[in-house]
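Please read the following briefing alongside the sequence and the model.

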Amino acid sequence: MLRTTLAGLRLHKSRYVTTVLAILLGVMFVSGTLVFADTLEASYEESVMGSATSVDAIAVPEAPEGQDEDGFPLDPVPFDEAVLDDIRALPEVSEADGLIRGQAVLLDPEGRAFGFVPPAAIAFGEVSRLSASEGALPAADDEIALATSTADQAGFGVGDTVTVLDPDQEKREFTVTGLVNFGVDRTYSFAGALVFAPETIQEMTGAEGYSEIDVLAAEGRTPEDAAAAVASVTGTDVPTGAEFGEEMAEASGADTQILRISLLLFGVIAMFVAGIVIYNTFAILIAQRQRELALLRCVGAKRGQVFRSVLTESFVVGLFASALGVLAGVGIGALGARFGGRLVGTDATASVVISPTAVIIGLLIGTLMTVFSALVPAARATRVSPLAALRTSATAAGLEKGTGWVRVVFGLLAFGVSAALVGMSQMTRPDPAGLFIVTGAALVAFVGVVVLGPLLVRGIVRIIGVPLRRVGVPSMLAVDNSTRSPRRAATAMIALTVGATLITGYSVVSASVETTMTKQLDESFPVDYQVSAQYSLEDTGSAEDPGTDQAEAPEDGGAEGPVTEDDAGTEAAAEDGATDEVGEPLVPDEVKETLAASPLLGKVMGERSTYVDLSPDSGVPGMPVTAYYGAEMGVDLQGETVEGELTDLGPGKALITEDHADGLGVGDTLAVPAPGGDLDLEVAAVLETNASFWGAIITPEDFTSAFPDIQGDRFLHIRAAEGADPAEVREAVYTAVDEYPTVQVMSVAEMKNQFSEMMDIAFYTIAAMLGLAIIIAVFGISNTMALSVLERTRESALLRALGLAKGQLRRMLSVEAVLLCLIGAGIGIVLGVVFGWAASSAVLPGLVFSVPGAQIAVFIAIAVLAGLLAAVLPARRAAGTSITGALASE
Amino acid sequence: MTESAVKPTSPVQAPPVVVARGLTKIYDTGGSQVHALAGVDVEFHRGAFTAIMGPSGSGKSTLMHCLAGLDVPTSGTVHLGRTQITGLRDGDLTLLRRDRIGFIFQSFNLLPMLTAEQNILLPSQIAKRKVDQARFDHVVDVVGLRDRLGHLPAKLSGGQQQRVAVARALLNAPEVVYADEPTGNLDSRSGAEVLTFLRDSAKDLNQTVVMVTHDPVAASYADRVVFLRDGRLVDEVLDPTAETVSERLLKLEA
């Protein structure tokens, strides 16, 4: 029996080409992802382990218990000089050096501050786990090294001169001597890093103390000894270099894990689509081989043998294709690690890692999927009666019978349930749980499409067939052909529907979110420019804060800036002047004055805000309180309200967003604790929660009296004067901030552009990943066409004999394939639009539903193109067949 | 020994529609060459119903395919009317088949997804030719399919299917109709029906019909029978009966 199966496989191998390709692609993606992620992980592990094990122990200060008044964990307190001295004095330690970390503003080549937050500025001594990956570490006070990522992003290289602002905002020039690769170390990967010589760091950052102490063990002492000894000094857990490296590697492993899982998700989608394709191929092959199978039964094969024969066939095909897929996957994974590693933050320096898991999972998933998909066709094969061998089927593979009522009822039921679920998700308030309900609804609807597929194909073809029939004989025949075996057509098309639904759904979500955000921005903040200071992650209490230096400084230099820690709950933080809170630098008043004086600018509104703790000791993050200076609420700034009107805001009153209202309604009293005297405010309106407003909004008068310490604006919202030339307005805004490189100007138009660019990049990435599923589906359609062509060889010959030209025959098949692709894509688009809408409106409040028409037009164009491509080979084959040969056969 | 045998009294006296001269067809099957046709000269006259007979492998189907422009002979010429069809490119051959030739095959004559009527009209539609309604009605009535026009082939008996094929071949009044074993798959009663239609239409509509068959009874419906053996024309009979044809055939196979 096995020999028969294998002989059959050899004979019909051309029929399996596209199936093999489909499996291959899916497996390639899965194995490729695994190899890619393994290699990345290994190469990172190699680099951190290599650098961390260059020292014997690494001491890092621990954060004190508790939270600051905003609910963030407190920052760790650096080690002071005495700790380092004590460590050096230990008999277990031969050498130790500390790493000092502050931050400094780096200017990009245009002279504006680099990044949203200033990069970390560090210096370390002789003993350190860090080293230059290119060039040399800075040795003189005019030398600097940059993190590789920072140099890449800002466009600097070794030998360049860069400008860094010192704490007094004075520009200092440095020569880049080298690059340091920090890998995916979170401390440095987000904002970037500058490395100074140890003698320069103090003047550039004002930072004191050591954020890390690296230790070499004394002769004859193990790293563990040294680590334990250091721990007794610092009172913290001190890992050895190797342990530290392992911890870092684990953290980076978590990063690659996310990448791995999200890529594998696309792999699973691809395999699912491949499964549909495999199923259809086997179903068709079994149908075509009815007589062959019946003959086997005639000569004595048992049902079980027929079943096993088909499964063996699928196993061989699956294993073969999976093996090829694993090979291709290793290649793709290696390429990905080689070229894609940089994109995710590491250079893959290690050689390609081909773990047994990657190979085994690839082989398993491909083979199992194939065998599993062939189960139903195999079971069907056992139902072939031996008598079928004797029957001559005059009209080969006659028309399928109509769809049963059970099917219709079941399909409609699925749609009903899905609609009910969608309705349910829309009833409740926007809530992430709605997303799960919508996903469930989409799956149920998909089952409905699968069940009703044959009916849908027939119905849709009947409708679009009306005009097509008029076009000419090829399209008329194509319309008829496409409904000959609706079940086969439906399965082929559903493979495409999967990808089309996902891509359309995502594009609808993406477009809706973008439109909603833009609309909220436009409506609430009809402004042209936003000015803000560079955000700082470091302490703002000390003199290093670039923003507050420009602000009117109160007498006490140590407590200037947005000091809000006056209320009761913050003593712990206030005790230690260096670690008060996350910095919120202010826009210099001079900038505001210059801007306000410009005739080109119609309105300059200052936004001041702070957090208040409504219920001290609860540990709950506070509520933001904001005031807009120079803005008329309801006129300059607008928003949707749940209750009341924005214009109702006045002294002694407050607007509050729904998420912070906590049950308060118009007329209720909101008690706001404030250093300048607690406020009892009457709620004037409750605002809908959206991105523009957050927390309570009060009048500038109330704000100034309640928070007298807050003397600057976090943001300036600027609206151009009516009729002003945009270029001149831009010039005016940039001139005003010229002297303040850390002040950031955001044009709203640019912001929108950046936002939509970001959304676009995400969309294209996801579309590209889903593209694989679409390619596999197109293979499936091509395969279905090819097998149908094979089945209709006689028919094609007859048509040719009757005078259908080769071109017409090809066109007939193209139209049929395009029709299939269009139906598949069309159903996918409809599902995608519906569920894209349902998903985004279930999650996003105040959604502005938007259908990306252009993108959908592109999908349709792609579907047509895919159809044409899918038909190329089958059509060539059909047109190339000799008429007499085909007539003589059978 | 072929055309010289034509007798002046028979209806085949009308001018020839199809003329073949020196037709050979050689197939390469691996090492050896097979002479499917080894120099055939034959002509078919307007309004005549001719049967081509011969034992299996005599080359009768190949001859028909070459005459109909479905296959290309290795050497020799075929004329349809004034057109030399040997040497035409595929596109022209397709047009020729579409506009000037009718076909009836042994089986698989109809497209399963088209109704009887659609099948009959298919060649006209391919050619974008307007159908003469009167002729359509006449042809449909001749083959007796009036009440079956809306049926799909699967709902028709084998005989009915072949009659649809006959109607399709006759509808456009092609210069010649080629029938390849049209009754091969039918029981004798249905076969007789189809053959009667073919013969009657050849007479009524002055239609030239060339039929390949190995059945002496089928051949007896023809006006003239030509015999093929080993790729050569070896004999011919005018106004045949089943007996005379069988006799000749037996002699050939001996």
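What percentage of the 254 residues in chain B do buried residues make up? Buried residues account for 49% of them, a residue being buried if 20 or more other C-beta atoms, placed from the backbone, lie within 10 Å of its own, exposed if 12 or fewer do, and partly exposed in between. This is a predicted model, in which local features need pLDDT of at least 70 and side-chain atom pairs count only at pLDDT 80 or more, while totals for chains, interfaces and linings use all residues. Residues are numbered from 1 along each chain as its sequence is written, and chains are lettered from A and ligands numbered from 1 in the order in which they are written.

**Chain B**
- The secondary structure of chain B comprises 8 helices and 10 strands, where helices (H or I, at least four residues) and strands (E, at least two) are DSSP runs numbered from the N terminus.
- Chain B is as compact as a globular protein of its length, because its radius of gyration of 18 Å is close to the 18 Å that the globule rule gives for 254 residues; the radius is taken over C-alpha atoms, and the rule is 2.2 Å times the number of residues to the power 0.38.
- Along its principal axes, the C-alpha trace of chain B spans about 50 × 40 × 40 Å.

**Val444(A)**
- Val444(A) lies in helix α13 (residues 432-471) of chain A, and Val444(A) is partly exposed because 19 other C-beta atoms lie within 10 Å.
- The C-alpha atoms of Val444(A) and Leu421(A) are separated by 9.3 Å, although the two residues are 23 residues apart along the chain.
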